[in-house]
Amino acid sequence: MIIRLQLPPPCFLFLFPRSSVPSLKPLRNPNFRKPRFALSLNTQFSDHSDSGILFREKILYLENHLNVDFRKAFRENPHSRSATLSTLKSVEVCLSSMGLELSAVGRVLDMYPKLLTSTPDYDLYPIFDFLLNEVQIPFPDIRKSIIRCPRILVSDLDLQLRPALKFLRDLGFVGLNAITCQTTMLLVSSVEHTLLPKIQYLESLGLSHEDVVNMVLRSPALLTYSIQNNLVPKVSYFLGDMKGDLLELKSFPQYFSFSLERKIMPRHRSLVEHGLSLPLSKMLKVSDGEFTARLIEMRLQSLTVDR
């Protein structure tokens, strides 16, 4: 049986963009500055009865209803052991109000158990307000943003999300390139330790700042790849073994999204073995079957020319 809870009135301030409800103002509460994910205001330490039936009911709710590993939840968020069932249910109601189906709510809470004892008004609705009114993600896409990057729900607004949004907009993620539900994952990246170093690395190859900006706008995932584990080895192989030209890399930044060991190297070596070559996009964007067919066709054409 699903229990429908009555949310406090302030919660609904975050359900609509400010433009659509001009008379509403975002919740301004000094508690926003308090440490996030402390015990909920509704949290009660367990009494004698909680050690029995109520505690068992909470475990069943986590395991059977949300499909959350309660052992992991209690281990990673000890406060959840003593939190009331109504506290946990208020988090489910909050996430459901933003369009997440029950299975998605369970996955998010299983990944980040500290959300179980969050206070929706202070910890979650401000994040949704930020996505709706500052990032300007349409309400129907909020669900997609959270499912793609649930980490955004445990990220600090002022220390993480807003600085990242400003950096990305300054970089060129505006207008047609604005942040969408497909790219909100960039918002959880550190400007100093993640985003800026990748821009600087690509520029160190000899690419201009404008070239790099165009590359990341065309392929935003570039900003999510590890420099040491992805960019460096792929650049090394491209410039070394493939004797590639930076101009081609600039025109096809999606090159970095393909596996070096499973796709780039095998296909390049197959071409070299037969004395053939292809532009990066034609070499990588097709399926294995299409690549094999194209390789056979090119070999037949080369044999015809030799005759």
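Author: Gladly; keep in mind that this is a predicted model. A word on terms before we start: helices here are DSSP runs of H or I with at least four residues, numbered from the N terminus.

Reader: What does the side chain of Gln-160 reach?

Author: The Gln-160 side chain comes to 2.9 Å from the backbone oxygen of Leu-187. If neighbours within four places in sequence are set aside, Gln-160 is in contact with Ser-155, Leu-187, Val-188, Ser-189 and Ser-190.

Reader: Switching to cysteines, how many disulfides are there?

Author: The count comes to 0 disulfides, going by sulfur atoms within 2.5 Å of each other. As for burial, Cys-94 counts as buried at 0% relative accessibility, and Cys-149 is buried with a relative accessible area of 7%.

Reader: Last one, where is Leu-239, and what does it touch?

Author: Leu-239 is placed in helix α11, residues 227–239, and it counts as partly exposed at 38% relative accessibility. Not counting residues up to four places away in sequence, Leu-239 touches Gly-244 and Leu-246.

Reader: What separates the C-alpha atoms of Leu-239 and Leu-249?

Author: Those C-alpha atoms are separated by 9.6 Å, with the two residues 10 residues apart along the chain.

Technical notes:
Residues are numbered from 1 along each chain as its sequence is written. This is a predicted model: local features need pLDDT of at least 70, side-chain atom pairs count only at pLDDT 80 or more; totals for chains, interfaces and linings use all residues. Side-chain values use heavy atoms; hydrogens and water are left out. A polar contact is a pair of N or O atoms within 3.5 Å; within protein, one must be able to donate a hydrogen and the other to accept it, and residues adjacent in sequence count only if both atoms are side-chain atoms. Contact means heavy atoms within 4.5 Å. Buried means under 20% relative accessible area, exposed over 50%, partly exposed in between (1.4 Å probe, protein chains only). Helices (H or I, at least four residues) and strands (E, at least two) are DSSP runs, numbered from the N terminus.
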